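User: I would like to learn how to read the packing in this model. Can you take me through a few features?

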Amino acid sequence: MGMWTAFKRKSKTSEEEIAASNEPTLEIAHRSITPQSSEPLLTVKGVERTFQVGGQPLHVLKGINMELLPNQLVMLRGRSGSGKTTLLNMLGGLDQPSKGEIWFHSLPFHDLGDNDRTLTRRKEMGFIFQAFALMPLLSAWENVELSLRMAGVPKGEWKQRVAHCLRLVGLEKRMHHRPFELSGGEQQRVAIAKAIAHRPRLLLADEPTAELDSQMSAQIMAVFQNIIATEQVTICMTTHDPTILEVADHVYEMVDGKFV
């Protein structure tokens, strides 16, 4: 049985079967029946990015056009050096295009100053990295709580929100373990809980399965699908792994700074 066949069948398991398992469980997601908005959450128009290397221009992005719709899982696929991480940085306002426009709702990211982009990221976006980016001396609970503190969420909301996010990613039995006591897949799930704790609209993930084996990668994709349905968040991630493309709502293939 192929990995994805097993993965799809597992996703249809009843709540009773999951509850009876000895493994940490994922909070079951139920999609809202309310029709989703067709308005893009983020729009990219003619984006180019050029760096100066040794006095010569290096064209990393070459006329990118794309849309991210609400409550979708979108993947940027490409080899190392194709420009996908540079594009992801643009979407998150970590860098600005040399040419073109990036609109996050009605905000012109391409024209905003550093302070305004930082405020937007802090309140509206979450980030996940392949190296997990957890505080090593803090427990899973404390790592998620720290993200709420940094986002300025009122302290009275912390306990309930932290517990909810860790249950959502299937770590209710590992809440008080530190990163070195967790597997790679569990650490990535903590990172996901941390990224969604402040209720962002957009989650950006840079190669989130690169450090994981195929089984762990499938689990992370299941978590992503679950939080899209439960938290009403859009996820855009980079990958070079062809085995996870099947679960995406849309895949943008990048070659040499362009979509093909």
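**Sheet, then helices**

Analyst: Start with the open sheet: 4 strands in the order E2-E1-E4-E5, with antiparallel pairing. Its edge strands are E2 (56-68) and E5, each of which pairs on one side only. Two strands pair if DSSP finds at least two bridges between them. Strands (E, at least two residues) and helices (H or I, at least four) are DSSP runs, numbered from the N terminus. This is a predicted model: local features need pLDDT of at least 70, side-chain atom pairs count only at pLDDT 80 or more, and totals for chains, interfaces and linings use all residues. Residues are numbered from 1 along each chain as its sequence is written, and side-chain values use heavy atoms, leaving out hydrogens and water.

User: Over how many bridges do E4 and E5 pair?

Analyst: E4 and E5 pair over 2 bridges, in the antiparallel sense. Trp103 stands opposite Pro108 in E5.

User: How do I read a helix face? Which residues of H4 are buried?

Analyst: Buried means under 20% relative accessible area, exposed over 50%, partly exposed in between (1.4 Å probe, protein chains only). In H4 (residues 114-124), the buried residues are Arg117, Thr120 and Arg121. Seen down the axis of H4, they fall within an arc of 100 degrees, so they line one face of the helix. The arc is taken from the directions from the helix axis to the C-beta atoms. Asn115 and Lys123 are exposed on the other side of H4.

User: What do the buried residues of H4 pack against?

Analyst: They pack against strands E4 (99-104), E5 (107-108) and E6 (125-129). Contact means heavy atoms within 4.5 Å.

User: Where does H3 lie?

Analyst: H3 (residues 84-91) lies across E1 (42-53), E2 and E4, running at about 60 degrees to E2. Axes are lines fitted to C-alpha atoms, for helices over the stretch in contact; angles run from 0 to 180 degrees between N-to-C directions. H3 is mostly covered, with 6 of its 8 residues buried. Among them are Leu87, Leu88 and Leu91. Just after H3, Gly93 takes a positive phi of about 70 degrees.

User: How is a helix pair described?

Analyst: Two packed helices are described by the angle between their axes and the distance between the axes. H7 (residues 184-196) and H8 (residues 214-231) pack at about 20 degrees, with axes 10 Å apart. That makes H7 roughly parallel to H8. Angles under 35 degrees count as roughly parallel, over 145 as roughly antiparallel, 65 to 115 as roughly perpendicular and the rest as oblique.

User: Which residues meet in H7 and H8?

Analyst: Those in H7 include Gln188 and Ile192; those in H8 include Ile220 and Val223.
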